[in-house]
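I opened this structure for the first time today and kept notes. The entries are in the order in which I looked things up.

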Amino acid sequence: MGDTTVSRLGAYAMVAAGGLIMLAPFYFMFVFATHARTDIFRLPPPLLFGHDLPGNVAILISRMPFWRNLGWSLYVALFSTVLTLLFCSMGGYAFARFEFRFKQSLFALVMGTLLVPSFMNMIPTFMIMDALGWIDQPRALYLPGAASAFGIFLMRQFVATAVPKDLIEAARMDGCSELGIYFRIVLPLLKPALGTLALITFIASWNNFIGPLIVMRSPEMYTLPLALRSLQSPVGTEWGALMAGSAIATLPLLVLFVLSSRQLISGLTTGAVK
Amino acid sequence: MAARRRDPARGAVLQVLAGGLVFVLGWGAMVAEARDTLVVAAFPAVDAIVQEALPAWHARHPDVDIKVVSRQFADHHTAMTTALSTASYLPDLMALEVGYVGRFARGHGLENLAAPPYAAMALADRFVPYAFHQGMGPEGNLAALPSDIGPGTLLYRNDLLSKAGVAPAELTRSWESYIAAGTRIKARTGSYLMANARDIKDILIRTDLAAGEGLYFDRDSRVLVQSPRFERAFELARQVRSGKLDARVSSWSNDWSEGFRRGTIATQMSGAWLAGHLANWLAPETRGLWRAAPLPGGAAVAFGGTFFAIPRGISASHKVLAWELVQMLTLDRDLQLQAFRMHDAFPALLAAQQDPFFDAPLPFLGGQPARQLWRQLALRVSAVEVHKQDAFAEEVINTELDKVLDQGKDIRVALADAATLLQGRARR
Amino acid sequence: MRGLRLSPGMAPYVLLSPFLLLFAVFGLFPLLFSLYLAFQVWEPTDGLAAMHFVGLDNFRFALGDAWFWKSLRNTVWMALASGIPQHAVAIPLACFLQAAFRQRWRDLMIGAFFLPYITSTVAIAIMFSSLFSTDFGLVNLGLATLHGLPGLSWLTPDHPIDWLGRPENIKPAISLIVFWRYVGFNMVLYLAALQTIPADLYEAAAMDGASHLQQFRHITLPSLRPMIYFAVTLSVIGGLQLFEEPFILTGGRGGSDQAGMSTAIYLYRMAFDFNDFGAASAMSWLLFFMVAGLTWLTNRALRPQGPAQ
């Protein structure tokens, strides 16, 4: 018994130390946000909070419509998340629990879209958005990604484990419609995976900069990553303002994460899946 | 002002009418009535320079707004490539960094400013010569006008030199004396002569070019790297590295700025604008300790520079306005000086260089009136032929240099290997 | 309403229609465009009309290009060195967190391990170039301290390591960062999958006297299999398209001797730095087929079979 206690304590200590290492850069991001760029470039870098946050935020606001950019980021990420959850759970369910013609080739196609480096699509994507008149439109950011191959893949995997075939058959016997089965039986069972997908989609949309780089032509329509990148140049980047902007940009993700990690846990405690 | 604002529909109609009018009346017509917007695409800090020129612009064109679209440096040039490739959503005016000007000038997406109605070749003698010629394409077209330049200079720590008993003239007389001085500085102060041995190579391959030679290729795409120019560049870089005279750090890294602050790097060869960055944020605490000198051995090269170009695919009326704005940004002495004062953007306009501001002592450089020196250095730089594969060639040469410096690879073998790789690409 | 009822035969098509529509508009055209481009030479600033057909020239060039193969070797190296530890750590970690932590503490640990995934890349770039700095960085400072300790000096180097300047050190440094960034992400995936394993399975096994290790081998691992397949596939795809981390750490160039130049970085440079969109497209299709092949192999090796499917 004593032996297991020791090894257990060791394991706790290792995991805790790992957690601290994981946290360090995150901590420094907030520390750097409160220092002028002269101090950030010092070595060793500042380890404690400084007094330059107001100055950094002032530079940030003078260089870009920061709060507007933040608003667009939120808007795009929310739409993107809602649509992705809907479309991908539908698609994933179809791939996992139905037999239909072209199923294998369609799935290969889905996976195929995951495999193309996104910057190779820059010019053709620009041409499509131009043809649709979607340049400078937020929908050009949240619609194309809404049927994300990643999401369909995740959902297919999850349905395969968490949605028993018998349950669907039984519902069909009871006269439940196909869409009824999807909304009333499949979706509730997918709750933990939907939480995961929501988190990942929101973060991906939040950090996406190639998308807005292609379609956004006006600084007041930029989302945050593109706006913040515009502070960077090979010489003379405003590092302090950049770190302040990055830190503020991370706060919504932090809130979202705290909320959705609860959801993961509740998925466990209520024993949603039998 | 408020009374002049019109409802959007009417504004659009007027815009179309005004555009048609300009088309009919031809060049030189003033666009006075419509509320119009010019889009300028730029990167930091050019975006700020354009913003600061707006009051002057609005004094002339109260009805034409200017919208500055700023992106990160590389993002900006990527976005410009995309816009030119599809010829849609083009800005009316684009800033281009010198490294991209040659490439963009090879395509046909930019207005040829040498042709009428611009006839900008007549403006040649108003700019620093090399800067003007760097905006020209291979077919004699003029793709862009220069706004700021980066005359190469040697910045050195005067205090470290005194401590080591090295006279400033020893740094600049020749490359050999520069390295010899570095050995003494290292021995007596412990400080490195320079940040990275690669800096020497970068300058030497840019000096003593024959007419019609580019850096790596000549006009007929023949590879030039197996030449005395490259051998000497590699040889001197190797001497620096093997004498442990370089700090082996790369520019704009934390180690680099920390090296300046702690005085572990005694000299830096760069564009004149670096003095401003050192003073403002890289190493403000070293104020008064630095001096500026010409590059060793009378080398004359440039570091960086900004140009303005007009895309071919925009409307005729906007071309008129964009051209006027280009002229303001590049030919207006006061605006050029303002950009120099606020952003260390060294004027490409010769008239701006005659301002008394150029005679003022620089406190960061111990009161030295260094701008006079830089003004002279800029005149000696010559334009370099640009080849499509220059970016790739630079990467290959840097790789081979690293092998020479770190793994003791023979210089001739290294250059022969580079030549083989480059020959495979020269005509792609 | 009754008339609108979907038959089970039609249902999958209706469920898939949003994907198919969006894919047809935004997925297919770029794919075909880059396929077309792979057979052209093109000066992009000249406009779309400037393309010239060159047949298989770009593919021939790509296959004979030493740097393309070098970038592939780099990519595979870094994908393995960052990918294998990610899963080897994330699976036990997820199980440990699930089994041994109370809810509040588990929340906290999940948070700590997941944060790298949401930290902005700009912040990461500055942080790590500062940590890996040769003369003043904390990594070398730590190694030097270890070196001073008795008994450890043979394990640790006696001089500061040039992490981001020497070709032999760049790949390990990048792999470490990729591992750091995604291990928590994988852990969350595995935690989500652990939620679906019925608790009575473990109870029954415990009653039969199975040890923790046996339970892990015979219950946890098989149940995690679909998620392992999923997560490993993502790692394969992500690893072979590795771009952001080496890009920011090497200033977008790939590092000394291109040691940190992944294929994706090379493609990007071919297109936007070296102005060769045709060759870049040809290479991206070659990369596409390689990733597809490897994904297929992952599929063969790890695909959920039997009762799960």
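**Conventions.** I am working with a predicted model, in which local features need pLDDT of at least 70, side-chain atom pairs count only at pLDDT 80 or more, and totals for chains, interfaces and linings use all residues. Residues are numbered from 1 along each chain as its sequence is written, while chains are lettered from A and ligands numbered from 1 in the order in which they are written.

**Chain C.** I listed the secondary structure of chain C and got 12 helices and 2 strands. Helices here are DSSP runs (H or I) of at least four residues and strands (E) of at least two, numbered from the N terminus. Along the sequence, the order in chain C is α-β-β-α-α-α-α-α-α-α-α-α-α-α. I then took the box around its C-alpha atoms along the principal axes: roughly 80 × 75 × 30 Å for chain C. Of the 309 residues in chain C, 46% are buried. A residue is buried if 20 or more other C-beta atoms, placed from the backbone, lie within 10 Å of its own, exposed if 12 or fewer, and partly exposed in between. I also looked at contacts in chain C between residues at least 6 apart in sequence, and 70% of these join residues at least 24 apart. A contact means that the C-beta atoms of two residues, placed from the backbone, lie within 7 Å.

**Chain B against chain A.** I found 23 residues of chain B in contact with 24 residues of chain A. On the chain B side, strand E2 (64-70), helix H4 (73-86), helix H12 (254-262) and helix H13 (274-282) each supply at least two residues. H4(B) gives the largest share of that side, 6 residues. By class, the side of chain B that touches chain A has 10 nonpolar, 9 polar and 4 charged residues. Nonpolar covers Ala, Val, Leu, Ile, Met, Phe, Trp, Tyr, Cys and Pro, charged covers Asp, Glu, Lys and Arg, and the others, Gly among them, are polar.

**Domains of chain B.** Chain B is divided into domain 1 (7-148 + 304-358) and domain 2 (150-302 + 384-423), with bounds from an automatic or database domain assignment. The C-alpha centres of these two domains of chain B lie 33 Å apart. I found 8 residues of domain 1 of chain B in contact with 10 residues of domain 2 of chain B. On the domain 1 side, helix H5 (98-106) and strand E7 (302-309) of chain B each supply at least two residues. The largest share of that side comes from H5(B), with 3 residues.

**A helix pair.** I next checked helix H5 (residues 103-115) of chain A and helix H12 (residues 277-302) of chain C, whose axes come within 10 Å and cross at roughly 125°. The contact joins A:Met111, A:Gly112 and A:Leu115 of H5(A) to C:Phe288, C:Val291, C:Ala292 and C:Thr295 of H12(C). These contact residues divide into 5 nonpolar, 2 polar and no charged.

**A:Ser205.** Is A:Ser205 buried or exposed? A:Ser205 is buried, with 22 other C-beta atoms within 10 Å. I placed A:Ser205 in helix H11 (residues 191-207) of chain A. A:Ser205 and A:Ala77 are 128 residues apart along the chain, yet their C-alpha atoms are separated by 5.3 Å. Not counting residues up to four places away in sequence, A:Ser205 touches A:Val76, A:Ala77, A:Ser80, A:Thr81 and A:Tyr142.

Methods
Axes are lines fitted to C-alpha atoms, for helices over the stretch in contact, and angles run from 0 to 180 degrees between N-to-C directions.
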